[in-house]
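Morning, everyone. I have one model to go through, and I will keep to what can be computed from it.

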Amino acid sequence: MGEGRSPAFYWLAAFFAVFVLFLYGPMIVIFILSFQGPTGGLTFPLNGVSLHWFERLLRGGGLIDISDAFKRSLELGVVVMILTVLLSLSAGLAFRKRFVGSNLLFYVAVASLIVPSIVTSLGIALEFRLLDDFLKAHGPAWISDDLKTTMDTFTSGLGAHLTWTLPFGLLVMFAIFNRFDHRYEEAARDLGATPWQTLRHVVLPIILPSVIGVGLFGFTLSWDEIARSSQAMGEHNTLPMELQALTTTVTTPEIYALGTATTGVSFAVIAVALLAIAFVRARQARHGSDAGHA
Amino acid sequence: MTAKTAIDQTGAPGWLQALPFGLVFLFFFVLPLAFVVIVSFWDYNDYEMLPSFTTRSYVETFEGCLAELPNLCTILKTYVSTAKFCLIVWLATLLVGFTIAYFLAFHIKTVTTQMVLFLVCTIPFWTSNVIRMISWIPLLGRNGLVNLALEKAHIVNAPLEWLLYSPFSVTLAFVHLFTFFMVVPIFNSMMRIDRRLVEAAYDAGASGWQTLWNLIIPLCKPGVVIGSIFVVTIVMGDFVTFDVMGGEQIASAGKVVETRLNALQFPPAAANAVILLGVTLLIIVGLNRIVDVRKEL
C-alpha cells in the first residue's frame, strides 16, 4: 500500500458511487412519485404535488385496504424480534459449551438459510394440513367440532419466520462471542458472581449493542418476508404478500404511497436500533470499567 | 483457549439453552422437509391428497421428457432457463460485490468511514424486496425515465419494450436485491487478510493487479463461495422476483412449485420441491468442490 491515493482509488470510488445510486435511486424515485398529484400516473411527469395518495391509503376507501395486514405484520414482526433475540442469545450461550448435537444443530440452522424458501413454506403448510386432518379425525370433540385450520399468523406463520430469522441471529451471536474477552467472566466468577449474575451484570451489558442488532435483523427480516410466508400464513396475508398481490392490480401511485409508508417503518426501526446502539456505546464509554453497573 | 474451557463448566447445561432454538427447527424445518418428501410419493385427486406410495407425481413432472429428446420437455426447459438466470446473476453479483468489498476493505483507511459506507450498502437490504422491485417501474416502464431519455436523445424512435417485464428486468432486480449477499461474506474474508501480506507483496515488487490476483482473490475464496451459495440458491428457488419483474411471463424452478400449489395439487408440488431441493444441493456441492480442488478451506 503506497502513500496517498492511487488512481485505482478514484475509479473504485466512482464505481462505489454508481453502486449506491443504483441501490437508492429507484427508491428515491418512488418516494418522489408517491407525492404525485391526484391526476398523476405511475410515471413522471409529476402532475402537481400532494398527499392525495397517502390520504387514500389512510382512509382505506381506495383500492387498497391494508390496515389489517399492516397491523398484523407489525405485531408479527415484534413477536419475531423478541423470540429471535431470546432464542439466539440462549443458543449462542449454549454453543460456547460442548453439548450433544451442537454440530447437527448448527448445520440444520445453516441449511434453513439455503433450502429454497418455497420448499420450507410448502413443508410447513403440509405439516399443518396433516395436523388439521388428524385433529378432525381423532381429536377430542371440543377441538375437532369447530376446527377450521390450525394454520394462522402466530402458529405456522410465526414458525416460518423464525426459520428465517434465527439462523441470522445465531451467526451474529457467533461473531459476538468470537470477539468476547473471556477474562471479564472469569473476573466476575472470581469475585463470587453466580452464573446468572455474570450473565446479567457482565456479559449482557457488554454485548448489548450487538443484541440490539440481532433484534433489528429479526424485525426487518420478518417485516419484509414473503417467500416463506406465501404458503404458511393461513387465511390472513401479511403486508408484503398484499403488496405483491397489488403489483398486478393497482395502477395508481397509491402503491408508491404504500411503498413509501412501508419503507418508512423499516427506516424508523433501523434508526431506532442505531440510536439505541449509539446510546449504549456512549453509556459504556462513560462508565468506563463499570460497564456492567446497572 | 484455556479460559474458554473454564467458562464452559458454569451455568445451565448447553443442551437446555439450545433446546428452544432446536425445537423451532425441528417443528418448522426438519419435520416439514420430511413431510415434503413423504407427500411427494402420495397420490391425489381433484380435492385431496391420498396417502399411498406412488411415483405418479414424479412421472407426471417428467412426462414426455424421454419421448421428446433431443428437444427439451417443459420441466427441463424451465430448469435450463433458471440455470441461465443463475449464471448471469451470479457473475454480475460476483463482479459488483467483489469490487465494492475490495474498495471498502482496501481503499478506505479509517474504520469509521468503512463502517458508515458498509451501512449505506446494508440499509436497502432491510427494506421490502417487493417495493425495491416496483421502484423500477417508473424508470424502466414504457413511459419511464430511461425510455424518455433515450427518445429525447434520438437513440431510439419507439419506447424499448424489453426494459420491463422481461428477462432483463428480472436479472436487474436480482442484482439490485442480492449483491448484498456477495458483499458481506467477501468483505468479511478481506478484513481477515493480514495487511502485512499485502505490504510484503508490495515490497517484493508486485503490481496492484498481481497482488489482487495472486494474493487477495485466493484468500477471499471462502467468502466468494459463501456469497455464491446464497445468490445461487436464492435465484433457484425464487418465484416472487420472477413474478413481479417478469410480468408473470417467465417460468422458473421455484414458480413451478408455486403454480402447483395454487392449484392445490400438493403431491406434485412436493415432488417439484424435492427436485428443486436436489438440484440446489447439487449446485452447492459443486461450488464446494471448486474450492476444495484448490485446497482452500
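Start with a definition: the radius of gyration here is taken over C-alpha atoms, and the globule rule is 2.2 Å times the number of residues to the power 0.38. For a compact globule of 294 residues that rule gives a value near 19 Å, whereas chain A has 24 Å. Along the principal axes, the C-alpha atoms of chain A fill a box of roughly 75 × 70 × 35 Å.

Some housekeeping. This is a predicted model, in which local features need pLDDT of at least 70, side-chain atom pairs count only at pLDDT 80 or more, and totals for chains, interfaces and linings use all residues. Residues are numbered from 1 along each chain as its sequence is written, and chains are lettered from A and ligands numbered from 1 in the order in which they are written.

Of its 294 residues, 38% count as buried, meaning 20 or more other C-beta atoms within 10 Å of the residue's own, against 12 or fewer for exposed and partly exposed in between, with C-beta atoms placed from the backbone.

Now helix α1 of chain A, residues 7–33. At 1.5 Å a residue, its 27 residues should span 39 Å, and the end C-alpha atoms are 38 Å apart, which agrees; the expected span is 1.5 Å times one less than the number of residues. α1(A) does bend, by about 35° at Tyr24(A), with Pro26(A) following within four residues. That bend is the angle between axes fitted to the seven residues ending there and the seven starting there.

Which residues of α1(A) are buried? They are Leu23(A), Pro26(A), Val29(A), Ile30(A) and Leu33(A). Their cover includes α12 (254–287) of chain A, and α6 (111–122), α7 (129–134) and α8 (137–140) of chain B.

That brings in the interface. In contact means C-beta atoms, placed from the backbone, within 7 Å. By that test, 77 residues of chain B are in contact with 73 residues of chain A. Helix α2 (residues 14–39) of chain B supplies the largest share of chain B's side, 19 residues.

Last, Leu122(A). Leaving aside neighbours within four places in sequence, Leu122(A) is in contact with Gln231(A), and with Val36(B), Val257(B), Leu261(B), Ala269(B), Ala270(B) and Ala273(B).

How values were computed: Contact = placed C-beta atoms within 7 Å. Helix = DSSP H or I, 4+ residues; strand = E, 2+ residues; numbered from the N terminus.
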